[in-house]
Amino acid sequence: MEREAALKIVAEQITEHRYVHTIGVMETAIQLARHYGEDPKKAEIAAIFHDYAKFRPKAEMKQIIEEQQMSKQLLEHNSELWHAPVGAYLVEKEVGITDQDVLSAIKYHTSGRPNMTLLEKIIYVADYIEPGRHFPGVEEVRELAQSDLDLALIKSLQNTMMFLLKKNHAVYPDTFQTYNSLVLTGG
Ligand code: DGI
Ligand code: FE
Ligand code: FE
Ligand code: FE
């Protein structure tokens, strides 16, 4: 799918603020793809659609998680996690994207997972460091992303977990396992 057509589709699903974020993720993901030898076209499409489901009503997302028999753990955790797997499902169903690499990059863009693919890592990190993100530690991850994508991923997972722990929030098991798997086995 061409960039302009994809952007037009996603623009109808998300707010203007989220659209600006999406453009930032797209440009960052394409740059990282070129840098690390991933297909920039796959990075572009995955980035454009990564937050496709961000504004779906909670009840609709819950229904999809149940009907599609996605992990039950999702429903026990913060609903902010739901738009990633639900987004992958809806992007296939409503937009007709069938590329499994692209769909899994959307599916795991919030939690990560052990043994992430290069494209999954690129979308995860691009989402974290796109130019519109301003939070403590982001500049360090931006620099790491140019030298070592795995280190950038570890740092962003650390920051995310620290942020959640400080607010007394639960950490989703996949997030924790992604971190452990990178630190223990580099995967
Ligand atoms: O959709 P975005 O805002 O661009 O970013 P995202 O999809 O990476 O993250 C969405 C939200 O999910 C963000 O506020 C942080 C939260 N989150 C990420 N990992 C975890 C998490 N929330 C919980 N409770 N547990 C996690 O492991
Ligand atoms: Fe997201
Ligand atoms: Fe993220
Ligand atoms: Fe995002």
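A polar contact is a pair of N or O atoms within 3.5 Å; within protein, one must be able to donate a hydrogen and the other to accept it, and residues adjacent in sequence count only if both atoms are side-chain atoms. The model is predicted: local features need pLDDT of at least 70, side-chain atom pairs count only at pLDDT 80 or more, and totals for chains, interfaces and linings use all residues. Residues are numbered from 1 along each chain as its sequence is written, chains are lettered from A and ligands numbered from 1 in the order in which they are written, and side-chain values use heavy atoms, leaving out hydrogens and water.

Start with ligand 1. The side chain of T110 has an N or O atom 2.6 Å from an oxygen atom of ligand 1. For T175 the distance is 2.8 Å. For H109 it is 3.0 Å.

Now the metal. Which residues coordinate the iron ion (ligand 4)? They are H21 (NE2), H50 (NE2), D51 (OD) and D127 (OD), at 2.1 to 2.3 Å. Donors here are N, O and S atoms within 2.8 Å of the metal (3.2 Å for Na, K and Ca); water is not among the atoms, so sites may look incomplete. Along the chain, the donors follow the spacing H-x28-H-D-x75-D. D51 also bridges to the iron ion (ligand 2), and the two ions lie 3.6 Å apart.

Are H21 and H50 buried or exposed? Buried means under 20% relative accessible area, exposed over 50%, partly exposed in between (1.4 Å probe, protein chains only). H21 is buried at 5%, and H50 is buried at 0%.
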